[in-house]
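This briefing goes through the sheets, selected residues and ligand surroundings of one model. The structure comes first, and the points follow by topic.

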Amino acid sequence: MILHHFPGGIHPNDEKGLTAHLPVENAPVPERVFLPLSQHIGAPAEPVVKIGDTVKVGDKIAEARGFVSANIHASVTGVVRAIRDYPNVFGRLAPAFEIETTDDAPFHPKKNREDALSLPPQTLIPFIREAGIVGMGGATFPTHVKLSPPEDKPIDTLIINGVECEPYLTADHRLMLEHPSEILEGIVFLHHILGARFTYLAIEANKPDAIKVMEETARDTKINIVSVPKRYPQGAEKQLIKTLTNREVPTGGLPMDVGAVVQNVGTTFAIREAIRWGKPLIERILTVTGRGIKTPKNLRVRLGTPLSEILNLCGGWKTTPGKLIMGGPMMGINQFDTRVPVTKGTSGILLLPRDEVGEYHPHTCIRCGRCVTVCPMGLLPNFLGSFAEFDRFDDAARYHLLDCIECGSCTYICPAKRPLVQMIRYAKGEVLRRRKKAAKK
Ligand code: SF4
Ligand code: SF4
């Protein structure tokens, strides 16, 4: 198969050796979970239970509000103690359920849809919607929306994303090693829904064992297992589509504009569970890693488990704390409060010791152009950063600010240590806020 080249990209140390060999362990069920009403892109869900109600693991506790939204389910059996503001991953307070656990039993499936492939394709989508599944690679876009493209956007290519290019993280890698048949069944379900002509499972070349296992599992199918070169951000949707199909998603567009749908392997696994067993999204696999944690692990964790519980489970900080990051080092978000819970998009928790973090004193831009060279979206991060710095939001928007995928490659490479992606993120937030306000008038 001929692979194509997306522009830019970088080669950071992948640091996956800390956890790639560690089988996934089940984390104990916490005494309390905190489940935000918004764990996805789109409208927050609307509560359908009230304080004092008893809920069973897997019960729907909040209903999607509108098409672009997602249901929320109880991740434990217990009593709803509060629906209140609680710290979230973005450093803000947002409404969340507090459920006190009374029983740590796992979810028991009530269905076994062995005949799912004999059902009409479109009838499978409501199972996915009902299960509250969103993109688990971090994007958290509701999956049923992605699988319902308008009629004028036919899909001929299904891409399953097993690239996991973010350094340190190994949750998807372990999932492919430990649950290849379930992933394969998920891919078959997705293929049935979309009727795509081409189906690829892309895995970065630094995971030869996962490539081998998936090749053996998919031997008698038409699924193409593709080893893609190790280059960050190879796992970003638009870059992966370019690599596999040579198609370019237009500015402001979506993969469906070029006939493609991309689903992460974790999402594909969750889709299989939802269709086959009627299992909602109540838990996920994540990597706890970095040289700051005593015992790195890959863990299966109930959603809503506070960070503090996970850190305790892994022995806590090994040395003087530097940074605590939800996600990986490139696209993750710094955390300052260990009450923050694991949500549907939490792929990892990274602890960096103080001596690895260093102090950054940004200088003025020296116009070296390195950020421009590495930007995988062909943007001018130096200009975007400066526009953001001086609140020139209209200029930033004219320079395609909203096309930035926040990969962090520009910040990584900048010799002047300018916090480019942070400034760009700030400007994107402001531009979107102003557009929303203008649309309401
Ligand atoms: S963060 Fe945005 S501007 Fe910077 S390299 Fe990535 S896509 Fe380009
Ligand atoms: S890499 Fe940094 S110093 Fe070089 S052009 Fe970009 S912003 Fe300026």
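Six strands form an open sheet with mixed pairing, in the order S1-S14-S13-S17-S15-S16. The edges are held by strand S1 (24-26) and strand S16 (333-334); each has a single partner strand, so one side of each has no neighbour in the sheet. The model is a predicted one. A second open sheet has 4 strands and parallel pairing, and two ligands are each surrounded by a shell of residues.

- Strand S13 (residues 283-289) pairs with strand S17 (residues 348-353) in the parallel sense, over 3 bridges.
- Within this pairing, Thr287 stands opposite Gly348 of S17, and Val288 stands opposite Ile349 of S17.
- Helix H3 (residues 171-178) packs on this sheet and touches S1, S13 and S14. The direction of H3 makes about 125° with that of S13.
- S13 also pairs with S14, here in the antiparallel sense and over 6 bridges.
- Leu286 has Leu299 in S14 as its bridge partner.
- Of the 7 residues of S13, 6 are buried, so the strand is largely enclosed by the rest of the structure.

**Arg302 in strand S14**

- Is Arg302 buried or exposed? With a relative accessibility of 8%, Arg302 counts as buried, because the cut-off for that class is under 20%.
- Arg302 belongs to strand S14 (residues 297-302).
- The side chain of Arg302 reaches the backbone oxygen of Ala105 at 3.4 Å.
- Leaving out residues up to four places away in sequence, Arg302 touches Val29, Pro30, Val57, Ser75, Val76, Asp104, Ala105, Pro106, Ile282 and Glu283.

**The parallel sheet of four strands**

- The strand order in this open sheet is S11-S10-S9-S12, and the pairing is parallel.
- Strand S11 (224-228) and strand S12 (260-264) stand at the edges with a single partner strand each, so each is left with one side that has no neighbour in the sheet.
- On average, neighbouring strands of this sheet are turned by 25° against each other, direction ignored.
- Strand S10 (residues 198-204) and S11 run parallel and are joined by 5 bridges. Glu204 stands opposite Val228 in S11.
- Helix H5 (residues 208-217) packs on the sheet, where it touches S10 and S11. The direction of H5 makes about 155° with that of S10.
- Helix H6 (residues 237-245) also packs on the sheet and touches strand S9 (157-162), S10, S11 and S12. The direction of H6 makes about 120° with that of S9.

**Lys242 in helix H6**

- Lys242 is found in helix H6, the helix that touches S9, S10, S11 and S12.
- The relative accessible area of Lys242 is 12%, and since buried means under 20%, this lysine is buried.
- Which residues does Lys242 contact, leaving aside its neighbours within four places in sequence? They are His4, His5, Phe6, Arg247 and Glu248.

**Strand S2 and its partner S8**

- Strand S2 (residues 32-36) pairs with strand S8 (residues 93-103) in the antiparallel sense, over 5 bridges.
- Arg32 has Glu100 in S8 as its bridge partner.
- S2 is largely enclosed by the rest of the structure, because 4 of its 5 residues are buried.

**Surroundings of ligand 1**

- Ligand 1 is surrounded by 13 residues, of which Cys375, Cys404, Cys407, Gly408 and Cys410 are the closest.
- Helix H13 (409-413) and helix H14 (420-440) are the elements that give two or more residues to this shell.
- By class, the shell around ligand 1 consists of 10 nonpolar, 2 polar and 1 charged residues.

- The residues around ligand 2 are Cys365, Ile366, Arg367, Cys368, Gly369, Cys371, Asn382, Cys414, Pro415, Ala416, Arg418 and Leu420.
- How does the shell around ligand 2 divide by class, and how many residues fall in each? It has 8 nonpolar, 2 polar and 2 charged residues.

Notes. Residues numbered from 1 in each chain as written. Chains lettered and ligands numbered in written order. Predicted model: local features only at pLDDT ≥ 70, side-chain atom pairs only at ≥ 80, totals over all residues. Heavy atoms only, no water. Near = heavy atom within 4 Å. Nonpolar A, V, L, I, M, F, W, Y, C, P; charged D, E, K, R; others polar. Buried < 20%, exposed > 50% of the residue type's maximum accessible area, 1.4 Å probe, protein only. Polar contact = N/O pair within 3.5 Å; in protein donor to acceptor, adjacent residues only side chain to side chain. Contact = heavy atoms within 4.5 Å. Pairing = 2+ DSSP bridges. Axes fitted to C-alpha atoms, helices over the stretch in contact; angles between N-to-C directions.
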